[in-house]
Amino acid sequence: MAIAIPEADRLAAALAKRMGRTTFTARELADELVASDSPAELLTALEDALARAAEADETEPLDEALWGSAPGEHELADIRRTAQQAQQEALGLVLADALTRQQAAELLGISPQAVSKRHAAGSLVALARGREQHFPAWQFHEGATLPGLAEVIAAYPGGALSLSTWATTPNPDLEGRSPERTLTRRGGVEQVLAAIEAITAAAW
């Protein structure tokens, strides 16, 4: 299969920035799609790049030593299904104990409008389901938001779903504690921000 060099360069740069290196296997790409908030975006980028290359009718060959064999239609379809299923499972786990805007307002002792303002300002994360916003429970602690929450939201490189999954998962950089739990401890904000800096640096 042929691919236009400008398209390959743009796609390679985008994937290298996201994944932290310039060479990876098809399995590693599939793992990244599963972990993504929007796995369809990466698949769409791949498909768009290949489509534009075909339209350009250029003949530079794809470097299979770097990229491996080009995935077929069935492989792309399988990856898409796996990624979407994993995303739905992660979303279900996060939403299981999420709070509605009204519940978040009651917990924090503020109005629903104030909750919306905090979300808009980036000091709360929420996941939309239809017209409703649902606020993952991990970000609340003892009738308030976690210490340093706004800083963590601002620093984290992913979206609300991946942040929620990351925040509730034991982290080796935090002595096996989850970021959520670490934020409740003395010095925890600095430790969590350092862990975010580490994963952000690994993406470059």
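Biologist: Which residues does Ala98 touch, not counting residues up to four places away in sequence?

Modeller: Contact means that heavy atoms lie within 4.5 Å. By that rule Ala98 touches Gln103, His134, Phe135, Pro136 and Ala137. One word on the source: this is a predicted model, in which local features need pLDDT of at least 70, side-chain atom pairs count only at pLDDT 80 or more, and totals for chains, interfaces and linings use all residues. Residues are numbered from 1 along each chain as its sequence is written, and side-chain values use heavy atoms, with hydrogens and water left out.

Biologist: Where is the place of Ala98, and does Ala98 count as buried or exposed?

Modeller: Helices (H or I, at least four residues) and strands (E, at least two) are DSSP runs, numbered from the N terminus. Ala98 sits in the loop between helix H5 (73-96) and strand S1 (99-100). For burial, under 20% relative accessible area is buried, over 50% is exposed and in between is partly exposed (1.4 Å probe, protein chains only). Ala98 counts as buried because its relative accessibility is 15%. Its C-alpha atom is separated by 5.2 Å from that of Phe135, 37 residues apart along the chain.

Biologist: How many helices and strands does the protein have, and what percentage of its 204 residues is buried?

Modeller: There are 11 helices and 5 strands, and buried residues make up 34% of the 204. Among contacts with a separation of 6 or more, 62% join residues 24 or more positions apart.

Biologist: Which residues touch the most other members of the largest nonpolar core?

Modeller: A nonpolar core is a set of buried Ala, Val, Leu, Ile, Met, Phe, Trp, Tyr and Cys residues joined through side-chain atoms within 4.5 Å. The largest one here has 25 residues, and Leu124, Phe135, Trp138, Phe140, Leu163, Trp166 and Val192 touch the most other members. Helices H6 (101-108), H8 (149-155), H9 (160-167) and H11 (188-202) each supply at least two residues of this core. The largest share, 4 residues, comes from H11.

Biologist: What is Leu163 in contact with, leaving aside its neighbours within four places in sequence?

Modeller: Leu163 meets Val125, Trp138, Val152, Ile153 and Tyr156. A second, separate core of 5 residues includes Leu91, Val94, Leu127 and Leu161.

Biologist: How many aromatic pairs does the structure hold?

Modeller: Rings of Phe, Tyr and Trp (its six-membered ring) pair if their centres lie within 6.5 Å; planes under 30 degrees apart are stacked, over 60 edge-to-face, and the rest tilted. The structure holds 1 such pair. Tyr156 and Trp166 form this tilted pair, 5.3 Å centre to centre with 35° between the planes. Both residues, Tyr156 and Trp166, are buried.
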